[in-house]
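Let us walk through this structure one piece at a time. Keep the sequence and the 3D view side by side as you read.

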Amino acid sequence: MSIHHSLRNPPLSAKIGIVIFLFFIFCAVFAPLIAPYGEAESVGKTWIGPSAEFWLGTDNIGRDMLSRIIYGARMTLGVAAACTLLSFLIGVTMGLLAAVAGKTVDQVLSRFIDLMLSIPILVFALMILSMLGSSLLTLVITIGVLDSFRVFRLARSIAVNIVVTEFVEVARLRGEGLWWIMRREVLPNALPPMIAEFGLRFCFNFLFVAGLSFLGLGIQPPFADWGGMVRENGRSIAFGIPAPLWPALAIALTTISVNMIVDWILSINARPSGASAEM
Amino acid sequence: MLRLIITRVFLGCLTLLVVTLLIFVATEILPGDVASAVLGQGATPDTLAAFRIELGLDRPAYVRYLEWLTNALQGDLGVAMTNKRDVIETLTPRLSNTLFLAGYAAAIAVPMAIVLGVLSAINEGKFIDRAANVLTLGAISVPEFFIAYILILVFATNLGWFPSLSTVYADMGLWDKIYVVALPAVTLTLLVMAHMLRMTRASVLAIMSQPYIEMAFLKGLPRRRVILRHALPNAAAPIISVVALNLAYLIVGVVVIEVVFVYPGVGQYMVDGVTKRDLPVIQACALVFGGAFVLLNTLADVLAILVNPRLRHPR
Amino acid sequence: MTAAILEIHGLRVENLAGNVLVDNANITLLPGEVLGLIGESGAGKSTIGLAAMGYARGGCKITAGRVVIDGVTIQDLTAEGRAQFRGRRIAYVAQSAAASFNPAHCIMDQICEMPVHHGVRTRAEAEAWAIEMFRTLELPNPETFGARYPHQVSGGQLQRAMAIMAISARPDIVVFDEPTTALDVTTQIEVLVLIKTLIRDYKIAALYITHDLAVVAQIADRIMVLRHGKLVETDSTARILHAPQQQYTKDLVEDRQSSDVFQERSLKSGREVILDASHVSAHYGDFQVLKDVSITVAKGETVAIVGESGSGKTSLARVMVGLTRPTSGSITFLGQALAGELKQRSREDLRKMQLIYQQPDVALNPRQTVGEIIGRPISLYFNRSKQAVRARTLELLAQVGLPADYIDRKSTALSGGQKQRICIARALAAEPSLIICDEPTSALDQLVADEILKLLQKLQDDLGLSYLVITHDLGIVRRIAHRTTVLLSGQVVASGPTGDIFKPPFHPYTEKLLQSVPELRESWLDEVTAKRAK
């Protein structure tokens, strides 16, 4: 009862998060309609300050900052969402398989993933992208696969707890196949606790793509993307011009808004700890 | 218990070996033809052929791997393609710079994160906890370079207290270094501390909901004693792994920060290598980061074994 | 008249969602008096016990009423003031000693902490006293027992250590919260004797919380019956047992009595054996869990496998259904040899043998509706049309006594007893010959368990089913089993018609087991102690 109640009445922070996030989605979808100037259109001098004409000023080669940010939402959000979807598709499938298919499969998969996680993901991505080049497809596959290792671990640990429950044992004893057990018995019970994780992984991938773009290895010009825009305008900060802060702020607002929503989802199931009565 | 530790250390060494293999596979096998990957599409067949011989690509992969590995073990990481300098000679001073920056940040972040994490856990739901929650949520949500640029804008450009670029030299005094590196160190601290604080809080809360904590309260012990004597000894193991995990995170977080502040560390060296597709440099830097990562994780597990009462006092 | 040592007036405890856990509880406890609090799960007994110490668990709050210990209202005190009462005047013994001892400190440190902190004893005095107590309570190596860590000693020993810890600061009142529930019957009786002795020797007043009427009858002077957080009735132990006023109490007493009585059951026709396991052994790693076990089950027969934890009874069930591979021995089922591996069994083998679990909560997929749960075996095994499956599901629901509209509900919305009925319906859907019941009622409240047993018996009479019942509860055995096998450390110590097993001459272990099961008579514990002393 209380769960439904809090689902219908999100706290203020979650409401703010939802509004901000929807706003950016709106920008991404309708960018050509709402952006005052074109994505790659040079409209004025370099690094003009904010004015009525250019609300957020212009960038390092005189393009309108606001329009670039609106167009950038497409690439930045789209790539991060694609990475996260791919990583969940791979990670959840593998994780459930490891939990359901028995000890040998589990050991092989888990040890393999442990080893893949023994190199920091940024270093791994830098290596691969430097050698394979950063086309959009390479970028999405690389990040999606690397991130799926984390998702695998989580999905497996959740699924392992479900697989040992009696209702899964009942299905085994009934003679159900592997696929049926994964899809019908385990998956429906594993997904709800992973909703919050989806948000967190999205944030991580979003920041990760932004970081890679900032280092010049993520989304490549001429596409506008927020991380790349920070990189292009980075030098202006030494002159006291806040140009790189606008796209950086857009990145920050997006992650904060998703985190606020995730926080609310997590708090629905959280209970105060046992000792809180005495504290 | 000793056996457990030896096994863990052995496992760490094995992982390190696999890390070298992974680096080799990712850089020399995954791209298919390394020569065209490095030189790009503009290369003529002649230059490609010459380059292949230079890299020794005519020999089978496992021979090249073993050669690379044995050389690396002897401290020979090859020669950079772009400036023909010995990689190890460039790497060593940069590694000490990176370790200085990481150590600087860790020295501030670790004690603060543990103290604040424990404080907000035992004040669950009260003001300090909520404040810490909001601030850390903010800190983990924003990209590294956002914090960095704000700090630069405020403290370097506007106030002029600190330099905006952290240029360090080999013969710089310690205090000068600490001053110059202050902004990147603070940026890194904020990031790592936020993660560490949240995770410390969560692990202390997990301990605080154990029945033996309830029992301690029902024994009539004051709150202070319950926390210090009953909760913290059990929270040590999870907190240690939280710290190690985040130090590993710090090692990687260094990459972006070094680029923002143009700090001469391994991270920037790697990014340079990556943009120029300088194969030996990329391999060497990946080895350094991967090694540090494995080392910290192994260390965390060994410490966790050491503080586990069940393992310390076997049946 | 002496003044009460503990008084609770109009106590009300709510959780954060606003549900009332305890409503208007009133208790008066005289010095040296033992009050038993009894009720099923959710009755609010533990909540009252903790509230008596001025404590409410995380997420709960005392919203009304007063707790007065020796004239002092403890809600009026500061946290420090309350802490001075806890342990010193009123102490607590929890259900799970294993969870309530801190794993990071040795037992002696934890026992001495309270008397030293409250200034009752110095550390040296406390240690000497504790060693003396270890000796009195026959703990192994009393001199060095305290130096051990909680995970290094057994559950029964730890429970005794916790009782010692509770009285270490010489409290006036001790709250015992289901102190023997987690223990095996043979260990339970030892801890019960100990608690009774401590209460008597140290003149302690006690709140004794339990769900077992027979246990509380041995210890309490008065009994308070609770249900759904409200008082049902309170009276002297003798009057509750022999002249209860309320219907609920009457049901509890009557039901508990019936489990003490052996009900002779015999097969209508001759024994037609359908399951024959002979000389079965099984291992978990190097550890042998079953040693040369042989049992048979006939058509329409109920065979009980009885044993304590670690006896191998659950392993036996797992071997039968194919979850654990036997290392030697053979199983014949319906005239055919049964493969040891689950994967090698035919679908027909699987269909003919069904399993019912202890915890109906986790035996049902919370994401499926009742109709999906019961319908799946029908469509899997019999390949019927959707309408036929639904019709058959409705038939099964009626058979287990559930209304037809439950078919579209999620199982999570149902009570424990209803869930177990759905598990039974799911087993019946496969139209099996044999149902293996693994502790089918031990997770259920007493009166609900009784209904489930009756249902199982009715289905047996109607359908000619055979049951293999795995249980630790001799009460169930007495009521439903035609034949009984007693297991101890993986070996059969006694086997035969239930009537014979429960008649002398006993195997020594069977006798010990039988003696250890609490009976409803108040004098039971004293009689057993006297008998053992001889």
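Helices here are DSSP runs of H or I with at least four residues, strands are runs of E with at least two, and both are numbered from the N terminus. This is a predicted model, in which local features need pLDDT of at least 70 and side-chain atom pairs count only at pLDDT 80 or more, while totals for chains, interfaces and linings use all residues. Residues are numbered from 1 along each chain as its sequence is written, chains are lettered from A and ligands numbered from 1 in the order in which they are written, and side-chain values use heavy atoms, with hydrogens and water left out.

Now step back into the helix itself. Helix α8 of chain A covers residues 166-174, and seven of its nine residues are buried. Buried means under 20% relative accessible area, exposed means over 50%, and partly exposed lies in between, using a 1.4 Å probe and protein chains only. The buried set includes F167(A), V168(A) and L173(A). E169(A) and R174(A) are buried too.

Turn to chain B. It has 14 helices and zero strands. Its C-alpha trace spans about 85 × 60 × 35 Å along the principal axes. Of its 315 residues, 50% are buried.

Pick out two of these helices. In chain B, α9 takes residues 182-208 and α11 takes residues 223-260. Their axes come within 8 Å and cross at roughly 150°. Axes are lines fitted to C-alpha atoms, for helices over the stretch in contact, and angles run from 0 to 180 degrees between N-to-C directions. The angle makes α9(B) roughly antiparallel to α11(B). The cut-offs are these: under 35 degrees is roughly parallel, over 145 roughly antiparallel, 65 to 115 roughly perpendicular, and the rest oblique. The crossing of α9(B) and α11(B) is right-handed.

Which residue of chain B lies in the loop between α5 (87-122) and α6 (127-141)? It is K126(B). K126(B) counts as partly exposed because its relative accessibility is 36%. K126(B) and A43(B) are 83 residues apart in sequence, and their C-alpha atoms are 64 Å apart in space.

Chain C brings in strands. Four of them form an open sheet in the order β12-β11-β14-β15, with antiparallel pairing. Two strands pair if DSSP finds at least two bridges between them. The edges are β12 (287-298) and β15 of chain C; each has a single partner strand, so one side of each is left without a neighbour in the sheet.

Look inside this sheet. Strand β11 (residues 273-284) and strand β14 (residues 328-333) of chain C are joined by five bridges. Here A277(C) stands opposite I331(C) in β14(C). Two bridges link β14(C) to β15 (residues 336-337) of chain C, again antiparallel. T332(C) has A337(C) in β15(C) as its bridge partner. Together β14(C) and β15(C) form a hairpin with two residues between them. In the turn, L334(C) has a positive phi of about 50°.

Chain C has another open sheet to trace. Six strands follow the order β16-β17-β18-β13-β19-β20, and the pairing is mixed. At the edges stand β16 (353-356) and β20 (491-497) of chain C, each pairing on one side only. Neighbouring strands of this sheet are turned by 15° against each other on average, direction ignored. Within it, β17 (residues 434-438) and β18 (residues 466-471) of chain C run parallel, joined by five bridges. D438(C) stands opposite I470(C) in β18(C).

Finish with the cysteines. A disulfide is a covalent bond between the sulfur atoms of two cysteines. How many disulfides does the structure hold over all chains? Zero, where a disulfide is counted as a pair of cysteine sulfur atoms within 2.5 Å. For C203(A), the nearest cysteine sulfur is that of C83(A), 14 Å away. C203(A) counts as buried because its relative accessibility is 5%. For C112(C), the nearest cysteine sulfur is that of C106(C), 8.4 Å away. C112(C) is also buried, with a relative accessible area of 1%.

Methods: Left-handed = near helix turned anticlockwise from the far one by under 90°.
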